[in-house]
Amino acid sequence: MRKAVSILAPALLLTLAACATPFKADVSRFQQMPAPQGQTFTVKAADPVNEGGIEFGQYAAMVSAEMTKAGYIPAAAGSTADFTVKLGYGVDEGKERTVVYDDPFYDPFWGYGRYGFGRGYYRPYVVRTPRGARYVYGWHDPFLYGPGFGRGYDVRSYTVYTSGIDMKIERTDTGERLFEGKAEAKSRSNRLPYLVPNLVTAMFTGFPGNSGETVRISVAPEDGGKKK
């Protein structure tokens, strides 16, 4: 029983860690933003196709709320804003990833080595390559011992998506660039309604930031930590 618990415990801890994993984004910012002194702003779509869209409107409202928190003021309808905030966003088509790992519940050689109990056994080390996974051969090798001995290895494939937002702030009258920022994340989700709000939160964490610095921002997961 103790042995079973010792095997199950690491797997359980890995599962809990995965559930509690926050959203992580790499954020790069270049800025010469003036201190907030009543300047007004408006949010526009970087891609004119998105301008006026309902989806963009939701993301623009999030950016507007963050700008307001930073001390700037939304421009009144029909008035000319001091700053124009341009927002772009997107997610790629994803890339396939393959993971090969030893199944802890099937290990015919565990504890039994060529030279007696607990000796002569090594788990193979998995190396990632553009063509998939390769093994640095150990004593227990699924390729060396054939399909019958490879049952303990599980191969799983999944898709990783890269998403990002691009934000620029300019003086409306002169076009002078005051802020350039990018936030990028890799995840197994390609849902923009989930990704963009997290990326906006990351972008405005510590806004406007140190010019030229790239930082890793962690955002608390949605729905009490449920994995996306």
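Analyst: The model is predicted. As background to the local geometry, P208 sits in the loop between α4 (192–203) and β12 (213–219), and the peptide bond joining F207 to P208 is cis, with omega at about 5 degrees.

Turning to the charged pairs, a search of the whole structure finds eight salt bridges. One of them pairs R216 with D26, whose closest N and O atoms are 2.5 Å apart. Because R216 belongs to strand β12 and D26 to strand β1 (residues 23–31), this pair ties together parts that are 190 residues apart in sequence. R216 is exposed, at a relative accessible area of 53%, while D26 is partly exposed, at 33%.

Another salt bridge is formed by K168 and D166, with a separation of 2.5 Å between the closest N and O atoms. Here K168 is partly exposed, with a relative accessible area of 24%. D166 is buried, its relative accessible area being 18%, because the cut-off for that class is under 20%.

E180 and R177 also form a salt bridge, and their closest N and O atoms lie 2.8 Å apart. E180 is partly exposed, at 34% relative accessibility, and R177 is likewise partly exposed, with a relative accessible area of 30%. These two residues take part in a network of salt bridges that links K86, E170, R177 and E180. In general, side chains of opposite charge can pair when their charged atoms come close.

Notes
Residues are numbered from 1 along each chain as its sequence is written. This is a predicted model: local features need pLDDT of at least 70, side-chain atom pairs count only at pLDDT 80 or more; totals for chains, interfaces and linings use all residues. Side-chain values use heavy atoms; hydrogens and water are left out. Helices (H or I, at least four residues) and strands (E, at least two) are DSSP runs, numbered from the N terminus. A salt bridge is a side-chain nitrogen of Lys or Arg within 4 Å of a carboxyl oxygen of Asp or Glu. Buried means under 20% relative accessible area, exposed over 50%, partly exposed in between (1.4 Å probe, protein chains only).
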